[in-house]
Amino acid sequence: MANGMGSLYIGHSGLISSRDSINNVANNLANVNTAGYVRQQVVFRDTHYNNIAYSKDGNKKLTGLGTSVGEIVHARDIFLDKAYRRENGRQSYYAASFEAIDEVQNYFQELEGTAFQQIIDGYSEHDNHDGSLWQAFEEFSKDPSDMANQNLVVQKASLFVSRAQAVYKGLMKYQSEINTQISEDIDKINDYIKQIYELNVRIQTIESGGRETAMNERDARDYAIDQLSKYGNIQYEEGKGGTVSVKFENILVADEMFHYEIGKKTDRMSGFITPYWPHLSNEEGGRYTYVFDFSQKICTEFDTDIGELKALIQARGIASSNFNDINNANPDHYDATVGLSIMQNTEAEFDNLVHQIVKQINDIFVPNKDMESLWVQNADGTYSHFKNVKVLDEENCCVGEDGKMPPQELFTRSGCERYQKVRAYDSEKGEWRDYYLYNEEDINDSKEVYYSNGGYYSVFDPTKGSTVTTYESYDPETGETGTRISGMDEPYMPWNKSGNSKYILNRMGGKDVYVLNEDYKYDTSKQYTAMEININHNLLKQVKNIPHINQQMEIDQSMAFKLTQIWQNQSVAISPRYPDSKYTFGEYYKEMIGEIAIIGSGYGSTAENLEGTVASIENQRDGVIGVSSDEELTRMIKYQNAYNASSRYIQTVSDMIELLVSGL
């Protein structure tokens with residue numbers, strides 16, 4: 001009788017275990033499309049055993065009371081998890097980098113057949129005239145006095161400016177779009193960090209009693225870690241209490257006690273956002289600990305090529321760049337800053353091409369000559385002594401039909417005129433007369449690169465040029481001067497500008513040198529840069545005033561011929577690292593586009609290969625953690641049959657007991 005009643009417990013345990021297993025399968029099927037859900041599996045165990053007797057050799061004779069659900073486990077493979085998260089972050093890095101390069105190529109319209117190069121030195125099938133600026137000067141050289149040829153030059157120059165500005169504006173716009181994406185990525189990262197922290201707390205609370213496992217919370221936390229791996233290099237480790245400590249770029253960001261979010265440092269000039277760690281920074285003191293260290297070599301070997309956020313910051317750069325970032329740049333410094341960013345590097349190289357075309361054309365239309373020494377009489381009666389400056393070459397310049405001096409340049413700067421008229425002493429003629437002093441561009445005019453304490457510095461030597469010393473009085477005939485009242489300034493471009501000196505006096509290598517201040521903000525309105533150039537409005541009003549008549553009042557064919565020759569001159573260097581490798585305008589453009597295409601091809605192929613790797617790992621992982629509806633339905637049938645078998649078993653035992661009781 002006792003054994004009969006015990007048999008009922010065995011059948012009952014089978015019913016309960018099968019029922020719980022069916023519920024587990026139903027839960028898996030209900031979450032087959034739930035992101036991050038991990039398949040749960042039932043593990044059975046034996047229930048209690050009763051000792052019913054002892055054998056002759058002293059061993060116990062045991063009888064069991066059935067089975068029960070021992071635990072419900074997550075089917076995870078920690079090695080596949082780590083591989084997936086690492087390769088997912090690496091694939092995101094290369095995919096984001098390739099997307100940026102692909103967008104740059106679109107702005108140059110190489111794939112649409114309307115490449116920017118056509119306006120430089122190509123032809124247009126949809127124009128009544130030859131479509132390039134070069135062809136316009138070819139026509140101009142045939143007869144510089146022909147108004148149709150003059151109009152063609154102005155027309156193509158206008159098209160060149162508008163197209164150049166459209167490309168440069170497009171690049172700047174895309175930088176802003178990347179910046180917005182960076183801000184959104186930081187917000188997502190902070191959300192995932194906060195989720196991991198909150199889930200750690202909930203898991204610790206649920207599992208602290210040792211009787212329950214927080215399955216859903218663990219699934220959600222693993223999913224948050226998966227998503228976080230897309231944006232940067234992560235490391236994680238699960239502790240004894242079930243909580244996970246997560247590091248982002250080697251900085252602890254979440255555990256069961258704290259979570260640390262990423263801050264956004266916004267540049268006041270550009271609006272660009274740089275992620276930093278607020279808890280490790282002294283914001284009041286202006287000292288920031290940034291999330292990413294770009295001084296490290298970016299490569300797979302060091303795991304520094306991981307994360308979409310890093311790729312976006314690298315692609316965007318820290319500011320918009322122009323030709324001045326290439327001008328006199330130290331190669332190592334350039335490669336570590338501007339050259340690291342596809343956007344900044346493209347902007348700098350493209351603007352350098354525009355700058356060289358504009359400057360070389362202007363210098364032929366309105367040539368300058370160098371003067372080692374020039375004494376200028378100021379309006380207040382004092383005198384300024386300039387060294388190594390440029391003035392209009394009046395003997396070799398041409399004028400327009402109006403005959404006015406100075407001649408009209410084709411391209412103008414928005415912030416200043418080409419010349420400033422000054423009263424200066426002519427040492428050859430021994431008299432004071434008017435000079436047209438060239439307003440220098442506000443550029444990096446350092447004459448040399450100085451190496452000190454492991455770093456390279458751009459150094460300005462005041463004795464070699466662009467210096468001015470002011471005196472209260474001066475007699476040019478005798479050379480006698482009065483009291484000197486000021487020191488060095490660049491001509492019409494003071495070093496001190498809004499409290500930010502262009503050059504800072506520093507003692508390096510045992511001598512005093514003027515070092516370029518890296519925080520100095522250049523006045524782009526005084527540069528021949530893509531965004532600041534315009535076609536001379538005087539020529540738009542009266543094209544006949546374009547320079548073409550020499551000092552002998554003859555049509556200057558030689559000047560017009562020089563304008564066509566600059567397209568054949570290999571005069572432009574594309575890289576600070578190879579200043580002696582120079583190209584024509586057309587070669588420069590092809591080299592620039594080719595460089596972008598090669599880098600893009602590398603990023604694209606790597607991203608595509610990694611996409612396959614990630615998909616392969618994900619498929620393997622899904623085979624472990626994923627829910628297969630077919631497999632779960634097969635298990636449900638098995639558990640249903642087991643439930644039915646337990647039910648029949650109980651019915652049989654019940655009938656047997658009833659028979660025994662009735663027989664008594």
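Guide: Gln235 has Lys247, in β6, as its bridge partner. Strand β6 covers residues 244-248, and five bridges join it to β5 in an antiparallel run. Here a strand is a DSSP run of E of at least two residues, numbered from the N terminus, and two strands pair if DSSP finds at least two bridges between them. Do bear in mind that this is a predicted model, in which local features need pLDDT of at least 70 and side-chain atom pairs need 80 or more, while totals for chains, interfaces and linings use all residues. Residues are numbered from 1 along each chain as its sequence is written, and side-chain values use heavy atoms, leaving out hydrogens and water.

Now for the rings. The structure holds 21 aromatic pairs (ring centres within 6.5 Å; planes under 30 degrees apart are stacked, over 60 edge-to-face, the rest tilted). Take Tyr419 and Tyr438: their planes stand at 65° and their ring centres are 6.2 Å apart, so this pair is edge-to-face. It ties together distant parts of the chain, since Tyr419 belongs to strand β13 (residues 419-426) and Tyr438 to strand β14 (residues 431-438), 19 residues apart. Both Tyr419 and Tyr438 are buried (under 20% relative accessible area with a 1.4 Å probe, protein chains only; exposed is over 50%, partly exposed in between).

Tyr520 and Tyr522 make another edge-to-face pair, because their planes meet at 90° with the centres 5.1 Å apart. Tyr520 counts as buried because its relative accessibility is 5%, whereas Tyr522, at 24%, counts as partly exposed.

Rings can also join into a group: ring pairs link Phe108, Phe116, Phe160, Phe350, Phe411 and Tyr589 into a cluster.

Finally, look for charges above rings. The charged end of Arg621 sits over the ring of Tyr84, 4.2 Å from the ring's centre (NZ of Lys or CZ of Arg within 6 Å of the centre and within 35 degrees of the ring normal). Lys265 likewise has its charged end over the ring of Tyr288, with 5.2 Å to the centre.

Methods. Rings of Phe, Tyr and Trp (its six-membered ring) pair if their centres lie within 6.5 Å; planes under 30 degrees apart count as stacked, over 60 as edge-to-face and the rest as tilted. Helices (H or I, at least four residues) and strands (E, at least two) are DSSP runs, numbered from the N terminus.
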